[in-house]
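Hi,

Here is the model I said I would pass on. Have a look, and my notes follow below.

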Amino acid sequence: MTRINSTPSTPGSGPAEASNGSEPTTHIVPGGHGHAFEVKKGTAFRIVDLHGQQIVDLMAWVLPYPSSLEHLSMSYTRYVLNGEAPPAVGDCLVTNKQEPIFKITADVCHTHDMTFMACNPAFYAGMGLKGHRSCAENIAGAMKPWGMESYLEATAVDPFNVFQNTPDMSLKDLGCSRPGDVIEFDVLKDAVVAVSSCPYDVDGFGGGKATDIAVVTGLKPQRAK
């Protein structure tokens, strides 16, 4: 899997973008905002950092939401991977039932975080930035069509922080992905996925501005290389 060199140009919209085995669909998520979409077992999806240095918070819940009570879990994934971080191509992310939900089949950046919470209103208020956009609110807003009512429901799930360089902060920048970096997942359970193009822009991070990402759904699964 190589970098994507051009910006995808076929945006989708909302819950209607659910993966169903048809042609792939690309949705451009504006910088600092969120998006949610359904994926089907036996398909794949991809996240693309279009401009570089953009962290993406990813959460997922097994359908039907919310009655299944099953969600992507970073603590269970860390346990299954014996504490190794970040996960590598071929590794699975698991749920709070300790069952695989996604398998990483391609990864250009190879740097992701499984320990930090989603930024939230209190996080920014503590820095004197009351009212700043946050990943928790972005995800709650994107999940509203599925019945999520409060950002506190999002903070109950720790995200998979795609392209976030927490494991090697002494070696390279917190946001170390480059334009066109890609991570791709095979879907192992029907799920609703929510992503946030993280709005954290303090102290010049990521160039001082959150940037767009692309989500590509409806892909055919591939064998991890």
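E99 counts as partly exposed because its relative accessibility is 29%, where buried means under 20% relative accessible area, exposed over 50%, and partly exposed in between (1.4 Å probe, protein chains only). K189, at 17%, counts as buried. The two side chains meet in a salt bridge at 2.6 Å, N to O (a side-chain nitrogen of Lys or Arg within 4 Å of a carboxyl oxygen of Asp or Glu). K189 sits in the loop between β9 and β10, and E99 in the loop between β5 and β6, so the pair ties together parts 90 residues apart in sequence. Helices (H or I, at least four residues) and strands (E, at least two) are DSSP runs, numbered from the N terminus.

Before you dig in: this is a predicted model, with local features needing pLDDT of at least 70, side-chain atom pairs counting only at pLDDT 80 or more, and totals for chains, interfaces and linings using all residues. Residues are numbered from 1 along each chain as its sequence is written, and side-chain values use heavy atoms, with hydrogens and water left out.

K189 also forms a salt bridge with E70 (3.4 Å, N to O), and E70 is buried too. That links E70, E99 and K189 in a network.

The count is three salt bridges. One of them joins E184 and R46, with the closest N and O atoms 2.8 Å apart. E184 is in strand β9 and R46 in strand β3, 138 residues apart, and both are buried.

Cheers
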